[in-house]
Amino acid sequence: MKIHLKIWRQKNQHTKGEMQDYTLTEVDEEMSFLEMLDMLNLELAKKGECPVEFDHDCREGICGQCGVMINGIAHGPLKNTTTCQLHMRSFKDGDTIYIEPFKVKSFPVIRDLKVDRSGLDEIIAAGGYVSVNTGQAPEANSILVSHEEAESAFDAAACIGCGACVATCKNASAALFTGAKIAQFARLPQGKKESAERTLSMVERMEELSFGHCTNTEACQVECPQDISVLTIAEMIYEYNKAKLKK
Amino acid sequence: MAKEIYANIPEGDLKDKWSNYKAQAKLVSPNNRKKMEIIVVGTGLAGASAAASLAEMGYQIKAFCFQDSARRAHSVAAQGGVNAMKNYQNDGDSVYRMFYDTLKGGDFRSREANTYRLAECSASLIDQAVAQGVPFGREYSGYLKNRSFGGVQVSRTFYARGQTGQQLLLGSYQALMRQKENGKVSMYTRHEMLELVVVDGKAKGIIARNLDTGKIERHGAHAVVLATGGFGKIYYLSTLAMGCNASAIWRAHKKGSWMANPSWTQIHPTSLPQSGPYQSKLTLMSESLRNDGRIWVPKAQDDQRPPHEIPEEERDYYLERKYPSFGNLAPRDIASRAAKEQIDAGKGVGALKNAVYLDFKDAIKECGKETIAERYGNLFSMYEKITGINAYKEPMKISPSAHFSMGGLWVDYDLMTNIPGLFAIGEANFSDHGANRLGANSLLQACVDGYYIAPYTLQNYLSDQIQVAKTDVSTEEFYQAEKQALQQLEEFVSCKGNKTSEEFHRELGKILYDKCGLSRSDEGLQEAIKKIQQLREEFKENLLVPGDVEDINSELEKAGRVSDYMELAELMCLDALTREESCGAHFRKEFQTEDGEALRNDEKFSFTSAWEWSGNPQNPILNKEPLTFEFVQPTQRSYK
Amino acid sequence: MALTGLFLSLFLVIHLLGNFQLLLPEEQAKEQYNLYSNLLSNNPIIKLIAYVLYATILLHTIDAINLTIKAKKANGLSYVKDNRNRASKWYARQMMLLGTVVFAFLVIHFKDFWYPYKFGELPMDDNGNKDLYTLVMISFQELWYVILYAVAILGLGFHLLHGFFSAFRSLGVYHPKYNRIIKSVGVAFAVSMSIGYLIIPFYIYFNF
């Protein structure tokens, strides 16, 4: 397959970026998208040029490190799929593919397609946990969790922290990311106890970090590699309102 | 000179050793703890859990990882589950049985005391994870659910769908973030350790490179913990993440700490086969699939028919045939080797004839598609994403690929290497799995090391360091280490050859997979060593790294890792060559029973090989830690 | 946003019910409608509610502007190629635009009916009430005015199509079952409001 690429190249946060054109002539359709980029980087290196910097690690869709805008869509054309799980069979011979980094204020570009998503870590640090020290735990079966509770908590807990929800949101909101964590714990008896404090603190941190506000366009769930439900956002608001009323 | 080495195993009966240790371990008072710094490299399950636990105790932690967030470490990818002795199923499980299963699974090549401690601490891990909010699978009654896993006859595996590693890691990552918020942990993400700094014989710090700027940094501490995972990526094609590497432990090795059993690599039986030459990694499909899937190949060679056209009587369910009592749940090394046998005999399936079938037809017939979807739904959809094939309708194609390093830095019972103050935990050390790791024991070991062992043993070490001031990073030792690191980076960049490190890595991986992979031989290993030496020479002269040292440069990062692999690969071959027996994942063609099973030699090889760096990768020194079995009589492993 | 939005939705229902009197036979409609208008503008409770209504409109507007500014700030550079819209409905993304249409319409609407009624000189009907009815009838004789009105109502319809369920979400209704119900009710509400408000001008245009 012949593939034309238009890739965002940017030296660092403080310089301007621009699109550059490349062409690959021997792309195999069984290749993953990132292997196609590997191929490009090999060609660039051989010519003595600097390869395109992009984030990736596990390449099996679970670590959440990869993530770029492909033809203007977070993680590319397949719904609920990470960039690394996208294969070139989703494209046709002769296609032009635009590749850009997630362009969100709270994710500054480090280089080319690499962005800094540490804001998401900060939100977790604000309260995304059950405050239990190592060695404090009671016997596991002393806390009963119904099958439904466990399954629905898992649905929310499956988030891989890739940031596609923020990138695809017209408001650049991190509500799905934050809501998923709050919902996970709100659905489990272990997490209920400190739900109020957790929710207030995480939501306020999200605001401080200048993520946008959710307006329920529901785009995030469509691009979320784990298909996390937008209802977790409503659940976050419910927990937030409940916490505010209690105060 | 080679020496006999000992592991400081506490006295007493097997089941009392760890409690005796804890009872006698020295402590550090809370007001002293806050003055002490600990560096933890790696934020996977082992690293994050150790860092969080130590921070909770009051120590100041500096946590390093090369990823952009601690949550991305490769523990995240473990799918199947975590073993623990709870005996919730009342199926005859006990700490002793779990210990014995692990020891036997490892072909009696691990320490009794360490393995027993692993089984002993397993139950509390489940308690801890549940308290943290890890959403393990539940019965409708609300009680925890179990599944069975390869190599054992009880159900002791806890799981969170097919993402158990992710959920456990998030638990420890969140605990780590909580301590970051408390100011007890400083995070250094996108940092790679380049050198270990040893001052007066003790580990006192590291040299790290900030991957975002290319700047070299010095970091001092009272102790250093390496939790940097395994190095199966040395085979290039493996189930590991692209960034997984041996660099931290290899550089520590070159500073004097021993590498134990480096050639023992687990080749996982159920990964997806390679589909082309461009391939960068092989995706693992959880071993738990073997609970319901049946593995087979066509009886005839070169059978071109699609799977559904091959009638039952022309299929060879070779695992069920050869190992009737364990069948498809035979341990990984055996399942992998059996698959390779079939592939080598020309019965492989798929375009490259490099795979075997894993069939769910009977399971779907028996328990319905919905049940199968609930158990493995995410694995089936992952399979479809990668291959474009719907596994509810036709069998999966799987093949063996490099997965887990049983070998690693040598550590004593305290998980401390032979360099005082340098600890290695999780997959980075060698300790608990012997020559083969049982499924779902990896998450367990990482957690147990991090949550339950390191906090005691580090404290025991630190108790006589309270008078020692904070490490001064402006000393000669730091200067030299930094200079050394920088010099190497500059050499890479100034080499200006015409082969990228990735290309070298592929070649190296191929040599290792062919000669030092599923089966090894004297001849093959000798040949591999020669090839590796040649390749290493070529690497020195012909490496191409574009870009600069003091800048973001992913090619430079790779070059450093491949450079370490070039040396480690030779050590792996030497290790495999000198071990003239077959055990677990280490299968020497010369040493097998009549029906092709591993033939151990307990008289001559009941020891751990702890290799010492001599300054030259061709002549490492072999030290031996004898393995004595006081409580268990090693037997011939049989899964028939 | 949600609370003000829902309050305004409630007003829409009441306003529509009142306006349906315009569809009665001419004589009856004229009498009843003018009486109703007079009642509304002189009742102190209704007056109070009216002020709350104006405030709500303002709050809703200010909130919207705030959200838009926030979104603008949170977004980085624009994409060279942007297909993010494939994941959501156009009207969900264009609430500000739709809202602006509705707001602009409100200004016209106030100017044409509310202002003359309150402060202008309107002839009296037979019962001595200001004759708003005739003003409305005359206004909707103009085709361009009917079209303007229709466009605005469609804008309002789409605004409601997203706004109704979104408001409940933003209030924290997260149960999947209730969300399914609310979504359906929201669609029905948006459609019925649009049709309801559209019937009147077209009815007048074609019947008088």
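Okay, let's start with one pair of residues: Glu218(A) and Arg169(C) join their side chains in a salt bridge, 2.8 Å from N to O. Keep in mind that we're looking at a predicted model here.

Which parts of chain A do the touching? Strand S5 (96-100), helix H4 (164-168), helix H8 (219-223) and helix H9 (231-246) each give at least two residues to the side of chain A that touches chain C. H9(A) has the largest share, with six residues. If you sort that side of chain A by residue type, you get 21 nonpolar, 13 polar and nine charged.

Now, the whole interface. Counting contacts, 43 residues of chain A meet 33 residues of chain C. For chain A and chain C, the buried area is about 3,100 Å², and carbon and sulfur atoms give 56% of that. Three residues, Lys103(A), Asn216(A) and Leu231(A), supply 19% of what chain A buries against chain C, more than any other three.

Asn80(A) isn't a glycine, yet its phi is positive, about 50 degrees. You'll find Asn80(A) in the loop between strand S4 (73-74) and S5 of chain A. Over in chain B, Asp302(B) has a positive phi too, near 55 degrees. Asp302(B) sits in the loop between strand S12 (294-298) and strand S13 (315-316).

Methods
Residues are numbered from 1 along each chain as its sequence is written. Chains are lettered from A and ligands numbered from 1 in the order in which they are written. This is a predicted model: local features need pLDDT of at least 70, side-chain atom pairs count only at pLDDT 80 or more; totals for chains, interfaces and linings use all residues. Side-chain values use heavy atoms; hydrogens and water are left out. Contact means heavy atoms within 4.5 Å. Buried area is the accessible area (1.4 Å probe) that two parts lose on being put together, summed over both. A salt bridge is a side-chain nitrogen of Lys or Arg within 4 Å of a carboxyl oxygen of Asp or Glu. Helices (H or I, at least four residues) and strands (E, at least two) are DSSP runs, numbered from the N terminus. Ala, Val, Leu, Ile, Met, Phe, Trp, Tyr, Cys and Pro count as nonpolar, Asp, Glu, Lys and Arg as charged, and the others, Gly among them, as polar.
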